[in-house]
Amino acid sequence: MESQSTLRTAVIIVAAGSGERLGQGIPKAAATLGSEPMLGHALRGVLAAQIAAQICVVLPRGDTELRALVASLQEGNDVQLMTVDGGSTRADSVRNALEVLSETDAVLVHDAARALAPTEVFHRVLNALESGAKAVIPVIPVVDTIKVASSSERPDIAPEQVRSTPIRESLRAVQTPQGFELATLRKAHDASAMFTDAQAAAITDDAMLVESQGIPVYLVRGSELSLKITTPNDLLFAEALLEGPAAPRWVEG
Ligand code: CTP
Ligand code: MG
């Protein structure tokens, strides 16, 4: 399923996190999903989408195992695969990759932790960029009612109380790959160099940085298969998906 894109596109896969919440004592991208490290699924998923002229994988500093995995997937592939060391936050890791990318029109930033993202999601993101968006993110509806919490007036009862309840219809859960005009993402990351530590710690995705530049961020449909594998339960669920809906990997059911 080849995307007939006219945009020269790079993909950044961020895989430098430590996987604290997964609790295996190894970087999350190295954790086994099915029969291979999570990064193998994520990288083969990007290759299967056939959208990238170059792919930069951001890896934990000092890692050798994941570097070898990337090198093994380079064999027989025309796409240029690169690796760089990660930083202490996700945004730092993205910035390290932005420094080494050559000039492309578009860049997609993808979490290795969303290892089962289907090909169609990559294509929906890229199609929106081709239509003129400078920023586009895949989303799914929120199923839970979400409350904004604040400190409690009565800590003897409970530490927090409800501040407000956003209307669920207007809420979206955000996934990756997030797509950007390369110059737009570079500019947004450059601007964030002035952030205080607290502001930097609050940045959880690239779209937030672009939003703060006043640039419209468009929404396309994500996928239930693009779950972010974070906890041991998520890993169990992803294993089950690999046995079922994601068995023909990267294709939406
Ligand atoms: N990531 C990264 N560099 C960091 C932090 C995160 O490249 N300094 C990547 C992770 O590898 C992951 C994605 O960003 O693919 C989303 O991060 P998250 O799910 O939080 O992964 P971890 O940081 O590894 O997990 P945890 O927060 O539980 O330690
Ligand atoms: Mg993290």
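Biologist: Which space does ligand 1 take?
Modeller: Ligand 1 takes the space of the largest pocket, where sitting in a pocket needs more than half of a molecule's atoms within 2 Å of the grid points. This is a predicted model, in which local features need pLDDT of at least 70, side-chain atom pairs count only at pLDDT 80 or more, and totals for chains, interfaces and linings use all residues. Residues are numbered from 1 along each chain as written, chains are lettered from A and ligands numbered from 1 in written order, and side-chain values use heavy atoms, without hydrogens or water.

Biologist: How much space lies in the largest pocket, and what lines it?
Modeller: The largest pocket holds about 820 Å³. Its lining has 32 residues, with Gly 17, Arg 21, Lys 28, Arg 90 and Lys 228 nearest the centre. A pocket is an open set of points on a 1 Å grid over the protein atoms alone, with protein on both sides within 12 Å along at least five of seven lines; lining residues have an atom within 4 Å of a point.

Biologist: Which helices supply at least two residues each of that lining?
Modeller: α3 and α6 (197-201) do.

Biologist: Back to ligand 1. Which residues come nearest?
Modeller: Val 14, Glu 20, Arg 21, Lys 28 and Ser 93, out of 18 residues around ligand 1 (a heavy atom within 4 Å).

Biologist: What does Lys 28 do there, in terms of distance?
Modeller: A side-chain N or O atom of Lys 28 is 2.8 Å from an oxygen atom of ligand 1. Taken alone, ligand 1 exposes 560 Å², and the protein buries 87% of that (Shrake-Rupley method, 1.4 Å probe).

Biologist: How far are the polar backbone atoms of Glu 20 and Ala 16 from a ligand oxygen?
Modeller: For Glu 20 the distance is 2.7 Å, and for Ala 16 it is 2.9 Å.

Biologist: New topic. How many cavities of 30 Å³ or more are there?
Modeller: One. The largest cavity holds about 40 Å³, and a cavity is a set of points where a 1.4 Å probe fits but cannot get out.

Biologist: What lines the largest cavity?
Modeller: Arg 90, Ala 91, His 189, Ile 203, Thr 204, Asp 205, Asp 206 and Leu 209. α3 (90-100) and α7 (206-211) each supply at least two residues of that lining.

Biologist: And the second largest pocket, what space lies in it?
Modeller: About 150 Å³. Its lining includes Arg 114, Ile 140, Ser 226, Leu 227 and Lys 228. The largest share, three residues, comes from strand β10 (residues 172-174); strands are DSSP runs of at least two residues, helices of at least four (H or I).

Conventions: Polar contact = N/O pair within 3.5 Å; in protein donor to acceptor, adjacent residues only side chain to side chain. Points joined across faces, edges and corners; volume = space filled by probe spheres on them.
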